[in-house]
Amino acid sequence: MPSGSTSGIGLGIAEAFAKNGDNIIFNGLEENGPEIAAEAAKKFGVKTAFKNSNLMTPEGVQELVDFAFEELGSVEVLVNNAGIQYVSKIEDFPLEKYQQIIALNMNAVFYASRAVFKHMKDQKFGRIINISSVHGIRASEFKSAYVTAKHGVIALTKVLAGRCRI
């Protein structure tokens, strides 16, 4: 179940899993998301579905995870990929943009990981793949929110890796 999977890196990840025979729940902002999912199902012979959930809220993430369980019965792989960017001097950085970037790029990773973790432990299998960026290990001018979020994703990944004995 990759988030942000209807374009760019996320679509490439989803297609790679589908090519491997894995069923996919697509998620993204593109209006043609259902068509992208249907095309992957036809091309790779796997089950797919699309859900446009607001990943900036815990409720939206839970809605997507619940949908995945309803459609597929389980979640074996979660790919946290969704992200947004905004570039500005910190003194001019709109607070609303900062909150959106933190909500999607970092908090959604926690919410989704939390939502699938117990299930993965219970089934004694699961993989959580968190997509970060070079900005998760080094800073870049005018990208305060993005860098903060990506550092958080790296840190959360380390925490989960230390706890995961699935």
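Helices here are DSSP runs of H or I, at least four residues long, and strands are runs of E, at least two. Both are numbered from the N terminus. With that settled, one reminder: this is a predicted model.

Let's start at a loop. Asp 22 sits between α1, residues 8–19, and β1, residues 24–26. Is Asp 22 buried, exposed or partly exposed? Its relative accessibility is 27%, so Asp 22 counts as partly exposed. The cut-offs that matter are 20% and 50%, with partly exposed in between. Now its neighbours. Leaving out residues up to four places away in sequence, Asp 22 touches Phe 17 and Val 46. Take Val 46. In sequence, Asp 22 and Val 46 are 24 residues apart. In space, their C-alpha atoms are 6.5 Å apart.

Ser 88 lies between β3, residues 77–80, and α4. Here the accessibility is 10%, and therefore Ser 88 counts as buried; the limit for that is under 20%. What does Ser 88 touch, again not counting residues up to four places away in sequence? Two phenylalanines: Phe 93 and Phe 142.

On to the helix pair. α3 covers residues 58–72, and it packs with α4 at an angle of about 40°. The axes are 9 Å apart. The crossing of α3 and α4 is right-handed.

Who makes the contact? From α3: Pro 58, Val 61, Gln 62, Val 65 and Phe 69. From α4: Ala 108, Tyr 111, Ala 112, Ala 115, Val 116 and His 119. By class, the residues of this contact split into 9 nonpolar and 2 polar. None is charged.

How many salt bridges does a search of the whole structure find? The count is 1. The partners are Asp 122 and Lys 118. Their closest N and O atoms are 2.8 Å apart, and the cut-off is 4 Å. Where are they? Both lie in α4, which spans residues 95–122. They are 4 residues apart, about one turn of the helix. And both Asp 122 and Lys 118 are exposed.

Ser 88 is buried. Asp 22 is partly exposed.

Conventions:
Residues numbered from 1 in each chain as written. Predicted model: local features only at pLDDT ≥ 70, side-chain atom pairs only at ≥ 80, totals over all residues. Heavy atoms only, no water. Salt bridge = Lys/Arg side-chain N within 4 Å of Asp/Glu carboxyl O. Buried < 20%, exposed > 50% of the residue type's maximum accessible area, 1.4 Å probe, protein only. Axes fitted to C-alpha atoms, helices over the stretch in contact; angles between N-to-C directions. Left-handed = near helix turned anticlockwise from the far one by under 90°. Contact = heavy atoms within 4.5 Å. Nonpolar A, V, L, I, M, F, W, Y, C, P; charged D, E, K, R; others polar.
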